[in-house]
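Could you walk me through this model, one question at a time?

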Amino acid sequence: MTSASTIARRALVVAAGGVAFSLVLAGCSNGGSPESTGGSGETIIVGTTDKVTTLDPAGSYDNGSFAVMNQVFPFLMNTPYGSPDVAPDIAESAEFTAPTEYTVKLKSGLKWANGHDLTSSDVKFSFDRQLKIADPNGPSSLLYNLESVDTPDDTTVIFNLKSPDDQVFPQILSSPAGPIVDEEVFSADAVTPDKDIVDGDAFAGQYTISSYDFNNLISYEPYADYKGLLDPAASPINVKYYADSSNLKLDVQEGNIDVAFRSLSATDVEDLQGNDKVKVYDGPGGEIRYIVFNFDTQPFGATTAEADPTKALAVRQAVADLIDRDEIAEQVYKGTYTPLYSFVPAGLTGSTEVLKETYGDGNGGPSVDKAKQTLEAAGVTTPITLNLQYSPDHYGPSSGDEYALIKDQLEASGLFTVNLQSTEWVQYAKDRTADLYPAYQLGWFPDYSDADNYLTPFFLTENFLSNHYSNQQVNDLILQQASTPDAAERTQLIEQIQELEAADLSTVPYLQGAQVAVAGTDIGGVTLDASFKFRYAPLTKG
C-alpha cells in the first residue's frame with residue numbers, strides 16, 4: 001500500500017486457518033536477502049491476479065502497481081528483509097538535522113539503467129511532481145507534511161516539513177509515495193505512460209523490465225548496477241497475470257508457474273495444503289477490508305435530492321449494526337480472515353475495538369433491533385435503497401461471495417434493499433473517485449507498519465478516498481499524532497482518532513487478513529514479512 005516511525009511497532013501475524021506458518025526470516029546480512037538466497041539464474045515464473053493500474057508512482061496507489069515499483073524503482077528508505085522498520089536504501093544516511101528538516105545523503109555514483117546519473121535533482125523532481133500532479137488515484141496524500149525539497153548539491157536532499165518531529169516521514173519515504181524516478185524520462189506535471197517508462201529504461205531497483213505486456217506478462221532482468229540496501233537479484237523473473245484465480249491455482253499445482261501470490265481463494269488455499277508438490281506460506285497480515293461511503297452520493301448524501309446529514313449518518317450506523325463479521329470470515333474466507341472491529345488492525349500500537357463496543361450487539365455480533373432504532377430515531381423510512389459496488393478481480397475471487405453475503409445480511413433485516421454491482425478494477429479505480437459509487441468495497445494493503453497508515457490516507461480532509469469526508473478535529477489529531485515523539489501520548493491520540501471515526505463512520509472496516517503465497521517445493525527464499533512487500537530477488541529455484 002498502502003499500506004505506509006520507529007515508535008512501538010508490532011508485527012501482526014494472522015494464522016491462515018490450518019496453513020503451516022512458514023515465514024522466512026532466515027538470517028539477514030546488512031539488510032540483504034535471507035541466507036538461503038543463491039539464485040541459479042534460471043527464470044522464475046510468478047503468477048498473480050493483482051492488476052497494474054500504471055507504472056508511474058504518481059498515478060497509482062494500489063497493491064498491484066506497487067508490487068512492480070518495489071522491484072524496479074529505487075527508494076531513499078526501504079525495509080530490510082524480516083523487519084517492519086526502515087533503513088537507508090540508495091541513501092548512505094538519513095536523519096533529522098532540525099525539527100522540520102530531514103536530510104538525506106545519497107550514495108555516490110548512482111546510475112539509472114539507461115545510463116543517466118541518479119542525483120538529488122531526480123529526488124526533488126520525484127517528490128515535487130507527486131505534489132503537483134496530485135492524481136486522485138495516486139499517493140500524494142501521504143506527503144501531507146512535506147513543504148518543499150532543497151538540493152544543495154548532487155548527493156544532498158533536504159526535506160522541509162510543515163510540522164516538526166514527524167515520526168512517520170522516514171516510513172513514508174519507503175511507501176508508494178517514495179519511488180524515485182528519472183527526471184529525463186518522466187513528465188513533471190502529468191502521469192507518464194507505461195510505454196515511455198519501459199522504453200526509457202528508467203529503472204534503478206533490483207530489476208529492470210525487459211518486456212511489458214500490460215496485465216498479461218512482465219519480464220524482469222536483474223539490474224547489475226543496483227546499489228541499494230538489499231542484495232542484488234540473481235534470477236530473471238516473469239510475472240504472469242491471471243483474470244481468475246482458478247487458473248492461477250491450476251497452474252501452480254501443475255508446476256506451470258513457480259509462485260502464486262495474490263490472490264487465491266480461501267478454498268483454493270485450503271485445497272493446496274494437501275498437495276505435496278507445493279508449499280503454502282503465510283506471513284504478517286496488515287490487510288483490511290472495508291466499505292467506503294461517499295458523503296455526497298450515499299443515501300441522504302450532500303448532493304442528493306433528500307440531503308440530510310443526520311439521516312445519512314443513521315444509514316452508515318445501521319450498516320455497521322447489521323454486518324456479521326464472523327459469518328463473512330468463516331463462511332467466505334474459512335478463517336483466513338478474521339473479524340476487524342477497529343480502524344487500526346489488531347496488533348498495531350493504538351488499535352482499539354471501538355466498533356465492537358459501539359455497534360451491533362456490543363459483543364461483535366449484528367443487531368437488527370439496534371439498526372431499526374437508529375433509523376427510526378433519525379426519521380428514516382425503510383427499506384433504504386443502497387447502491388453497493390465491488391471489484392470482482394482486485395481483491396480475489398471470493399469478493400463476489402463476500403458482497404453477496406453482505407447484501408443478504410443487510411436485506412435480511414428488512415431495512416435495506418441493496419443493488420449490488422461489480423466493475424473490474426482498472427475502471428473501478430477511476431469511477432470511485434468520480435462520485436459514481438454511493439457505497440463501495442475497498443481493501444487496504446499497508447504502505448508501512450504503523451497505525452498512521454490506516455488514518456492519514458483515509459481521514460484527512462484531503463484524502464485518498466475522495467469521499468468528501470471532513471472532520472477538522474480528526475484532521476488536526478492525525479497531524480498531531482504524526483509529530484508526537486512520546487510513545488504513550490501518541491498512542492492516546494491514535495485511540496482518540498478512532499473514537500471520533502467510530503462516531504462519523506466514513507468507512508466501516510470488517511475483515512483483517514494474512515499474506516499468503518504458494519510455491520513449488522523447488523522454490524526457496526519466499527519472504528513474507530512485516531514490510532508487507534513481496535519482493536522477487538530472494539526467490540531461488542532448484
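Q: Which residue in S9 is the bridge partner of threonine 208?
A: Happy to start here, and bear in mind that this is a predicted model. Strand S8 and strand S9, the latter covering residues 217–222, run antiparallel and are joined by six bridges. In this pairing, the S9 partner of threonine 208 is glutamate 221.

Q: Which residue in the turn of the S8 and S9 hairpin has a positive phi?
A: The hairpin made by S8 and S9 leaves three residues between the two strands.

Q: Is aspartate 201 buried, exposed or partly exposed?
A: Aspartate 201 sits in the loop between helix H4 (194–199) and strand S8 (207–213). Its phi is positive, about 50°, although the residue is not a glycine. Buried would call for under 20% relative accessible area and exposed for over 50%. With a value of 26%, aspartate 201 is therefore partly exposed.

Q: What is the omega of the peptide bond from arginine 262 to serine 263?
A: Arginine 262 belongs to the loop between S11 and H6, and serine 263 lies in that loop too, between strand S11 (259–261) and helix H6 (266–272). Arginine 262 has a positive phi of about 60° without being a glycine. The bond that leads from arginine 262 to serine 263 is cis, with omega near -5°.

Q: Is arginine 262 buried or exposed?
A: A residue counts as buried when its relative accessible area is under 20%. Arginine 262 has a value of 10%, so the label is buried.

Q: Which residue is joined to threonine 382 by a cis peptide bond?
A: Here we move to the loop between helix H10 (368–377) and strand S14 (384–390). The residue asked for is found in that loop. With omega at about 0°, the cis bond joins threonine 382 to proline 383.

Q: Which residues does threonine 119 contact, leaving aside its neighbours within four places in sequence?
A: Threonine 119 is placed in the loop between S5 and H2. Its relative accessibility is 17%, so it counts as buried. Beyond those sequence neighbours, threonine 119 is in contact with Leu106 and Asp154.

Q: How far apart are the C-alpha atoms of isoleucine 257 and asparagine 238?
A: Isoleucine 257 lies in the loop between helix H5 (245–253) and S11, and its 2% relative accessible area makes it buried. Residues it touches, not counting those up to four places away in sequence, include Ile45, Tyr242 and Leu248. Isoleucine 257 and asparagine 238 are 19 residues apart along the chain, and their C-alpha atoms are separated by 9.4 Å.

Q: Which element supplies the largest share of the lining of the largest cavity?
A: The largest cavity has a volume of about 550 Å³. Of its 38 lining residues, the closest to the centre are Phe261, Arg262, Ser263, Glu287 and Val516. By class, the lining divides into 21 nonpolar, twelve polar and five charged residues. The largest share, five residues, comes from H1.

Q: How many charged residues are in the lining of the largest pocket?
A: The largest pocket holds about 360 Å³ of space. Among its 19 lining residues, Ala134, Ser140, Ser141, Glu462 and Asn463 are the closest to its centre. The lining has seven nonpolar and nine polar residues, and the number of charged ones is three.

How values were computed: Residues numbered from 1 in each chain as written. Predicted model: local features only at pLDDT ≥ 70, side-chain atom pairs only at ≥ 80, totals over all residues. Heavy atoms only, no water. Helix = DSSP H or I, 4+ residues; strand = E, 2+ residues; numbered from the N terminus. Buried < 20%, exposed > 50% of the residue type's maximum accessible area, 1.4 Å probe, protein only. Pairing = 2+ DSSP bridges. Contact = heavy atoms within 4.5 Å. 1 Å grid on protein atoms, 1.4 Å probe; cavity = no way out; pocket = protein on both sides within 12 Å on 5 of 7 lines; lining within 4 Å. Points joined across faces, edges and corners; volume = space filled by probe spheres on them. Nonpolar A, V, L, I, M, F, W, Y, C, P; charged D, E, K, R; others polar.
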